Amino acid sequence: MSLDLNQLETRLWAAADQLWANTGLKPSEFSNPVLGLIFLRYAEKRFHEAEAKLIESGLDVSEIEKFDYQAEGALYLPDNARFSYLLDLAEGQDLGKAVNEAMAAVEAENEELKGVLPRSYGRLPNTVLVELLRVLNGLGEVEGDAFGKIYEYFLGKFALAEGQKGGVFYTPTSIVKLIVEIIEPFHGKIFDPACGSGGMFVQSAQFVSRHQKRAAEELTVFGTEKANDTVKLAKMNLAVHGLSGDIRESNTYYEDPHKALGKFDFVMANPPFNVSGVDKERVKDDPRFPFGIPTTDNANYLWIQHFYTALNERGRAGFVMANSAGDARGTELEIRKKLIQTGGVDVIVSVGPNFFYTVTLPCTLWFFDKAKATGERKDQVLFIDARGFYRQVSRAIRDFLPEQIEFLANIVRLWRGEAVETEAGSQEILQQQFPDGGYRDIAGVCKVATLAEIEAQGWSLNPGRYVGVADRGADDFDFSERLEALQEELEKLNADASELELAISANVGALLERVT
């Protein structure tokens, strides 16, 4: 049975929202119990899938033990901790108590979840719990990827209800998938110092599984997150996907609980953009920021340096960044110049607007590869303009189709001299754009720029400066794309004007001092 995911998300949220109205609870008081039940429904689905696989291998149900389920990447669920058990309880029973006991039983059998699962079900009326269980039972029909998206959708909706940005909790799945496909985390330690609900880790695991390996054996994940409730969400997300992880609550600007310097094979992140108010005195001697502390009240280049310095000598990083960071001036330009001169800046990708549930602005994906710094491509950076690639999911939301993700990642593979992948359906567009089977620059799509060319552009990492535009016919004009390009140009001119204003002011001040 095929499901329209958007319709399902909308239907589930409408039902949950209606039930919420009958509770009198704040968003945070209602969200954790609902997300806990979504988690439990998926945990049972994974439990039964693992059981079926074990039976298929020749085991009898009575012979299957706890560690067998865990070896298959599923949580072990005792009878009273299963969603179906709760669903079958008579309505007259104390469901709140039963669900609390179920959560406690899951924690007792799965040490990594100790203290993580919600226990506030006694605050929900029995009628609301009965209806929530009934509504969420339908999730058994969806596949893993879709299930994760529903989980993320609910996170975003609750975040909106709390007046927060949904991006605090998650990054859109299609963007995460593109990052994963480009950094290729086949094996090793993955770090996300702004891990939210753990979506980067989940997609990395799925990448490994797609390449016929066991994620639980190949990957170890490490994360930090500022909010305790979000740490719990991440731990739930990891556990239900059978991943080994160490998620810590900490403020990444001032704390480094994982001793990250030079430690990780892969770094992935969607940090908060343009954060102000970081105490410069507390970070000025931190070895994680060796290229300097920006004088502007903006933390973007603290994050960027942290991602770079957390990599080992062959590590790769992929992260989401504000468009403005690619052209930032002053001390940020000097930091960016030093980063580019290391040879470790690998790929920069422009992504169009409306990819995030709650933010309409476009963004840029940055990629580092420290092994590249010692290879033949060390004096080059690959720029990709992905703004022309998207699916219009709804009026306000876009994402990438699987074949678009694969094609964009294949551009990088061709440049690196790696074998392309075509199982998602990118073969046709690959043949059209790269008919000789090797990398080439394509106007409006991709361009390899040398460090000399980047220096000539003022050390900009804005793909639009290098990629150019594709040839268009007389009537082939995209107004929104042109308007966006003009807006970017205006922002640059405004930045130039501010810089000139400061220079003029300084020069006039110096002249006045001489006169007096």
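Start by selecting Glu 181: at 11% relative accessibility it counts as buried (buried means under 20% relative accessible area, exposed over 50%, partly exposed in between, with a 1.4 Å probe and protein chains only). You will find Glu 181 in helix H8, residues 173-183. Helices (H or I, at least four residues) and strands (E, at least two) are DSSP runs, numbered from the N terminus.

A word on what is on your screen. This is a predicted model, in which local features need pLDDT of at least 70, side-chain atom pairs count only at pLDDT 80 or more, and totals for chains, interfaces and linings use all residues. Residues are numbered from 1 along each chain as its sequence is written, and side-chain values use heavy atoms, with hydrogens and water left out.

Which residues does Glu 181 touch? Leaving aside residues up to four places away in sequence, show Phe 207, Arg 210, Ile 405, Ala 409, Arg 413 and Glu 421. Contact here means heavy atoms within 4.5 Å.

Next, colour helix H2 (residues 27-56) and helix H6 (residues 126-137), which pack at an angle of about 45° with their axes 10 Å apart. The axes are lines fitted to C-alpha atoms, for helices over the stretch in contact, and angles run from 0 to 180 degrees between N-to-C directions. H2 and H6 are therefore oblique to each other (under 35 degrees is roughly parallel, over 145 roughly antiparallel, 65 to 115 roughly perpendicular, and the rest oblique). Show the side chains of the contact: H2 brings Phe 30, Val 34, Leu 37, Ile 38 and Arg 41, while H6 brings Val 128, Leu 129, Leu 132, Leu 133, Leu 136 and Asn 137.

Now move to helix H11, residues 228-240, which has 13 residues. Its buried residues include Thr 230, Val 231, Leu 233 and Ala 234.

Most residues other than glycine have a negative phi. Select Asn 274, which is not a glycine, yet has a positive phi of about 55°. Asn 274 sits in the loop between strand S4 (264-269) and helix H12 (280-283).

Finish at Trp 459, another residue other than glycine with a positive phi, near 60°. Look for Trp 459 in the loop between helix H17 (451-456) and helix H18 (464-467).

Notes:
The expected span of a helix is 1.5 Å times one less than its number of residues.
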